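Please read these notes with the model open beside you. Each point picks out one feature to find and check.

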Amino acid sequence: MRSGWLVFGVHLAIFALTWSSGAQHALADVSWRLDSRFRYGLRVGEPMGLATLQHQAAMLSEGPIGDSWSFQLGARIRGDGAYTVAKHHFAELEKQDPPEVLLREANLEYRTGDWILRIGSQVFTWGEAFGSFFADVVNPKDFREAGFGEIRDLSDPVEAVNLIYAQSEWSLQAVYLPFYRANKLPYPSSDFFPLALADRFRGMTIDFDQSENPTNNDGDLGLRARVQLGAFDVAFFGFSQTDRQPIFLVTPTSLMQARIRTKSSRLQTYGGTMTWAGDRFVVRGEILKNINRTFNVLQNSLLNPLGELEGEQDIFVLGLDWPWNSGRLKGWQAGVQASYDRVSIPQVFGRRETEWSIGAQLFKDPEAGTRYKFFGALSGADGSWLFQASAMSPYGRNFEMGWETWLFGGERDSQFGSLKKSSRVMWVIKGVFSG
């Protein structure tokens, strides 16, 4: 609650500064952008039927306030009409995930010489991998749709003090986050709630509340150093944080009912990223180590089915991207990526001790004409798979229309097969307005 009031207060302060008599001369340089999206989707597996009637609109304005200061202001509205239209399927979700209005970016930035100071709600991009968030450890993520969709929509801004000292070939960054924000998880009644977890509570009435419950309120601190050496761009970082991904606390209240709450504990994250840009290829890599991370573990107890245990987690990612600049595929870009994720303890709830996957993407994003994107991944640990595809064609200056499909396959307890209930085909309209 305190962090929500802080974001609201920063919005009011920025408006006051922008409209003050001393800053009105800069209003001509203020820019804004409004992104609107509507999705109509149908499930392609059992149970068949309406999957989504989601509308989302996000607005961001930014510009200078005097010579050294600038600002960002953002907000988003989001709602899904399918919860009302298909109440037989979404009765619980209509109550749990109502339409929302969120204040997002709300920050002031001060630049002087080589120093940059940004205070307020903001997004940090530390990672290099496509389609994943391994090294983007600062911001909480919106996993209500299991982390699929457009990347820029999935990172929630977080209140922070962000100090950067930047040179042309290297930079140092320190961030401090006074308030805790957790990832948003899918509700048990959502199509995106993993089947492996749903099977664990099959036939039971679940009282689920994912209100933030950190065990430590001391704030988070991160340090990052980046250096460019010719074609190499390398960064190293450390982040002491309260885990963005909470664990579950399960308390059976009767034979057919259970109460589930969330808990977030302290951990330390260390990692590095690398990019090498050659004449024809781009190589990307990430490495992370999470120390003292708390995981849910299975227990043979009706009164306490899920326990908790601290362990370590190691993640490695390596990818290769290349564009086609000639031939029949001119204008297309391709990429392949391999990831490895291992935890140091067995019987972790909802995942295997070692998970690894191979992904590939192919896309075309011309300045004019239809945009295409194809992405697929295969889990080497369990043979499950996912496939995403989209084609969006422009209609005038401000609109585009097309389709998207999200498909998941594999066993119910596998990495991607656990999401196959959420497989869908969607008709999409997007609008982009700016000034």
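1. Cavities first, and the term needs care. On a 1 Å grid over the protein atoms alone, a cavity is a set of points where a 1.4 Å probe fits but cannot get out; lining residues have an atom within 4 Å of a point. Grid points are joined across faces, edges and corners, and a volume is the space filled by probe spheres set on the points. How many cavities of 30 Å³ or more does the structure hold? There are three.

2. A word on the source. This is a predicted model, in which local features need pLDDT of at least 70, side-chain atom pairs count only at pLDDT 80 or more, and totals for chains, interfaces and linings use all residues. Residues are numbered from 1 along each chain as its sequence is written, and side-chain values use heavy atoms, with hydrogens and water left out.

3. The largest cavity. Its volume is about 150 Å³. The lining has 16 residues, and Y83, L93, R144, S190 and F192 lie nearest the centre. Elements giving two or more residues to this lining are β2 (49–65), β3 (69–80) and α3. Such elements are DSSP runs numbered from the N terminus: helices are H or I, at least four residues, and strands are E, at least two. β2 gives the most to this lining, with three residues. By class, the lining of the largest cavity has six nonpolar, three polar and seven charged residues. Here Ala, Val, Leu, Ile, Met, Phe, Trp, Tyr, Cys and Pro count as nonpolar, Asp, Glu, Lys and Arg as charged, and the others, Gly among them, as polar.

4. The second largest cavity. About 110 Å³ of space lies in it. Of its 14 lining residues, R37, Q56, R78, E145 and L154 lie nearest the centre. β1, β2, β3 and α4 (151–154) each supply at least two residues of this lining. Which classes make up the lining of the second largest cavity? Two residues are nonpolar, three polar and nine charged.

5. Salt bridges. The rule asks for a side-chain nitrogen of Lys or Arg within 4 Å of a carboxyl oxygen of Asp or Glu. By this rule the model has 30 salt bridges. R76, R78, D97, E100, D142 and R144 are linked in a network of them.

6. E404 pairs with R39, with the closest N and O atoms 4.0 Å apart. E404 lies in strand β20 (residues 399–409) and R39 in strand β1 (residues 31–43), so the pair ties together parts that are 365 residues apart in sequence. Are these residues buried or exposed? Buried means under 20% relative accessible area, exposed over 50%, and partly exposed in between (1.4 Å probe, protein chains only). E404 is buried at 8%, and R39 is buried at 1%.

7. Two more bridges. R33 and D35 meet at 2.8 Å, N to O. R33 is partly exposed at 40%, whereas D35 is buried at 17%. D341 and R351 meet at 3.2 Å, N to O. D341 is in strand β16 (residues 332–343) and R351 in the loop between β16 and β17 (354–364), so this pair ties together parts that are 10 residues apart in sequence.

8. The nonpolar cores. A nonpolar core is a set of buried Ala, Val, Leu, Ile, Met, Phe, Trp, Tyr and Cys residues joined through side-chain atoms within 4.5 Å. The largest has 18 residues, of which F90, F248, V250 and I260 touch the most other members. Elements giving two or more residues to this core are α2 (82–85), α3 (87–96), β11 (247–254) and β12 (257–263). Apart from it lies another core, of 15 residues, including A129, A135, L288 and V317.

9. Backbone points to check. Most residues other than glycine have a negative phi, and most peptide bonds are trans. The peptide bond from E46 to P47 is cis, with omega near -5 degrees. P47 sits in the loop between β1 and β2. A146 has a positive phi of about 60 degrees although it is not a glycine. Q347 also has a positive phi, near 60 degrees. A146 is partly exposed at 23%, and Q347 is exposed at 54%.

Definitions and conventions. 1 Å grid on protein atoms, 1.4 Å probe; cavity = no way out; pocket = protein on both sides within 12 Å on 5 of 7 lines; lining within 4 Å.
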